[in-house]
Amino acid sequence: MSSDSLQLALGPVLFYWTRERYADFYREAADWPVEIITLGESVCSRRRDMKLDDWLGIGRELAQSGKQVVLASQTLIESEADLRDLRKLCDNGEFTVEANDQSALQRLAAAGLPFVAGAALNLYNPAAIGVMARAGMQRWQAPVEMSRDDLARLLADCTAEGLEQPCEVFAYGHLPLAWSSRCFTARRHQKPKDRCMFVCQKYPEGLALRTQEASKEVFTLNGIQTLSGACQDLRHEISDMAAMGVAVARLSPRAEGMAEVVAAFDAARHGKLPAADPLALVEAEVCDGYWHGRPGMDNTRLHV
């Protein structure tokens with residue numbers, strides 16, 4: 001597959017933004033050179049500014065602009081209220097759902113609905129991918145820590161077994177690493193989780209967690225979610241991705257500079273990315289360690 005045919009996808013916004021920021025962001029995104037846009041709250045059910053109807057409204061507008069729209073399910077389901085919201089999401093009747101946990105998977109498969117398998121489902125082998133394909137999976141995301149070599153072998157094995165569901169790779173953004181029933185951002189502000197006062201909205205790109213010497217940002221705290229401190233940036237790997245059979249490169253939204261990120265990846269897939277392209281697209285450290293089979297926070301291009 002040539003890199004020209006590789007699609008770009010915007011993942012769901014992982015951070016907690018205001019309604020106005022969401023509206024402005026997706027109004028701009030409608031004109032960006034991305035084929036797929038995933039909407040919805042995938043992190044915390046307490047982020048209630050946007051309801052399902054709001055996401056559906058944005059989705060309809062994006063669909064009219066020619067985008068393929070997907071609705072993301074929550075990754076950590078903690079209550080009956082979460083399950084009720086999940087059922088409504090899965091039964092939306094308009095857009096494909098990205099299943100990010102087993103409860104979403106069960107609901108969608110039982111209803112015979114097609115779905116996208118999120119990276120949090122941890123698909124590491126053809127057997128698991130085959131089970132998902134028979135359940136209705138249309139596309140799957142590789143685990144964020146999977147290396148290029150391991151993914152190439154997995155894709156080759158899937159092809160040999162006749163499993164042709166497209167693969168999506170997390171190509172840009174803070175890597176989602178873990179979820180917890182505790183809210184780390186609320187704890188930082190000495191507030192209980194159920195009375196958090198939505199403090200994570202103060203951090204539209206997450207809360208940096210640094211080493212004690214404050215020399216390096218090791219993680220990004222985002223409510224109950226822990227992300228990498230650096231942004232994964234695989235724009236220079238786009239041609240290799242396409243050659244091994246990756247169909248979609250996912251770009252995780254940032255509050256600032258996202259139009260430049262999308263433009264750089266669009267240039268990369270069309271072979272127009274200059275060799276001397278600056279490493280940092282935005283004001284954040286970058287990494288690509290997992291892709292190269294190294295510690296995730298490594299940036300191998302510093303040694304090129």
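This is a predicted model: local features need pLDDT of at least 70, side-chain atom pairs count only at pLDDT 80 or more; totals for chains, interfaces and linings use all residues.
Close-up 1. Helix 6 takes in residues 148–160, 13 residues in total, and at 1.5 Å a residue they should span 18 Å; the C-alpha atoms at its ends sit 18 Å apart, so expectation and model agree. Just past the helix comes Gly 162, with a positive phi of about 75°.

**Close-up 2. The buried side of helix 6.** Which residues of helix 6 are buried? They are Leu 151, Leu 154, Leu 155 and Cys 158. These four cover an arc of only 100° around the axis, so they end up on the same side of helix 6. The background is simple helix geometry: with 3.6 residues a turn in an α-helix, residues three or four places apart point the same way. As for packing partners, the buried residues of helix 6 sit against helix 5 (126–135) and helix 8 (238–244), plus strand 6 (137–141) and strand 7 (167–179).

**Close-up 3. Helix 3 crossing helix 4.** Here helix 3 (residues 80–90) meets helix 4 (residues 102–110): their axes come within 10 Å and cross at roughly 40°. That angle is why helix 3 counts as oblique to helix 4. The crossing is right-handed. On the helix 3 side, Leu 83, Leu 86, Arg 87 and Cys 90 make the contact, while helix 4 brings Ser 103, Ala 104, Arg 107 and Leu 108.

**Close-up 4. Phe 15 in its loop.** Phe 15 belongs to the loop between strand 1 (7–10) and helix 1 (19–29). Setting aside neighbours within four places in sequence, the contacts of Phe 15 include Tyr 22, Arg 47, His 174 and Tyr 203. Pro 204, Glu 205, Gly 206, Thr 220, Asn 222, Leu 227 and Pro 253 are in contact with Phe 15 too. Met 258 lies 243 residues away from Phe 15 along the chain, yet their C-alpha atoms are separated by 14 Å.

Notes
Residues are numbered from 1 along each chain as its sequence is written. Side-chain values use heavy atoms; hydrogens and water are left out. Helices (H or I, at least four residues) and strands (E, at least two) are DSSP runs, numbered from the N terminus. The expected span of a helix is 1.5 Å times one less than its number of residues. Buried means under 20% relative accessible area, exposed over 50%, partly exposed in between (1.4 Å probe, protein chains only). The arc is that of the directions from the helix axis to the C-beta atoms. Contact means heavy atoms within 4.5 Å. Axes are lines fitted to C-alpha atoms, for helices over the stretch in contact, and angles run from 0 to 180 degrees between N-to-C directions. Angles under 35 degrees count as roughly parallel, over 145 as roughly antiparallel, 65 to 115 as roughly perpendicular and the rest as oblique. A crossing is left-handed if the near helix is turned anticlockwise from the far one by less than a right angle, and right-handed if clockwise.
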